[in-house]
Amino acid sequence: MSRRAEFQGMGEFWRSGLRYDFRSSAAAFVILIVIGYAAVSLVPFMAQWVTELMQQLMSQEGLVTETGELSAAGVLGNNLWACLFSCLLGLIPFVCLPAFPLGLNALLLGGLAALAQAGGTSLGLYLLAILPHGIFELPAMWLSFAIGLTLCREITALCRKRPHEPLLKTLWRCGQFFSLGVVPLLILAAFAEAYLTPALLERFL
């Protein structure tokens, strides 16, 4: 198959359902950020949960260098595994398990905003710490959630013997979107988070 035909096939796959799942993931993510912000602001238990979860995430091996700085390779490896895991959850039919990491990440992001504001950090400064790498990382996450949801829907249709795309074709297309969409975005996000974000924060703090 020619490269042009491959891209046409990816375009058809995107329009046939992946685009809807991507938009739904993005919209749900934004709504859950607001919910996470409100929950941590109003419920002390939620604030403790977000703090402990963030400490666990930051203590992962290889994420921080010996000098206390973020490692681009560590961030990339962690994010790649998280996004791949979201996709693989879609292999389980009937239950939309990719919605779980979507909700968890969104609630955590909103909760951290509330904690930052409660600690005297402005939301503007918080956004400055998030957006330089978030403009790459968030679309990568949404796309991985969308891939997982698409897989779940197609495999569920297969189990129920309803009309569906050939499974190998679906797996191939999902793999293409992950390798050509998610991976490059995560590479850019990792370098931005490790190098650009600290430099910006150092300048404005």
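**Helix H5 and its neighbours**

H5 and H6 cross in a left-handed sense (the near helix is turned anticlockwise from the far one by less than a right angle; clockwise would be right-handed). This is a predicted model, in which local features need pLDDT of at least 70, side-chain atom pairs count only at pLDDT 80 or more, and totals for chains, interfaces and linings use all residues. Residues are numbered from 1 along each chain as its sequence is written, and side-chain values use heavy atoms, with hydrogens and water left out.

Start with H5 itself. Helix H5 covers residues 123–159, 37 residues in total. Helices here are DSSP runs (H or I, at least four residues), numbered from the N terminus. After H5 comes lysine 161, with a positive phi near 60 degrees.

Now the partners. Two packed helices are described by the angle between their axes and the distance between the axes. Axes are lines fitted to C-alpha atoms, for helices over the stretch in contact, and angles run from 0 to 180 degrees between N-to-C directions.

H6 spans residues 167–204 and packs on H5 at about 165 degrees, with the axes 7 Å apart. H5 and H6 are therefore roughly antiparallel (over 145 degrees; under 35 is roughly parallel, 65 to 115 roughly perpendicular, the rest oblique). Their contact has 27 nonpolar, five polar and three charged residues (nonpolar: Ala, Val, Leu, Ile, Met, Phe, Trp, Tyr, Cys and Pro; charged: Asp, Glu, Lys and Arg; polar: the others, Gly among them).

H3 (residues 72–88) and H5 have axes that come within 7 Å and cross at roughly 25 degrees. That makes H3 roughly parallel to H5. Cys83 and Cys87 are among the H3 residues in this contact, with Met141 and Phe145 among those of H5 (contact: heavy atoms within 4.5 Å).

The axes of H1 (residues 3–42) and H5 come within 8 Å and cross at roughly 135 degrees. H1 and H5 are therefore oblique.

Definitions and conventions: Helices (H or I, at least four residues) and strands (E, at least two) are DSSP runs, numbered from the N terminus. The expected span of a helix is 1.5 Å times one less than its number of residues.
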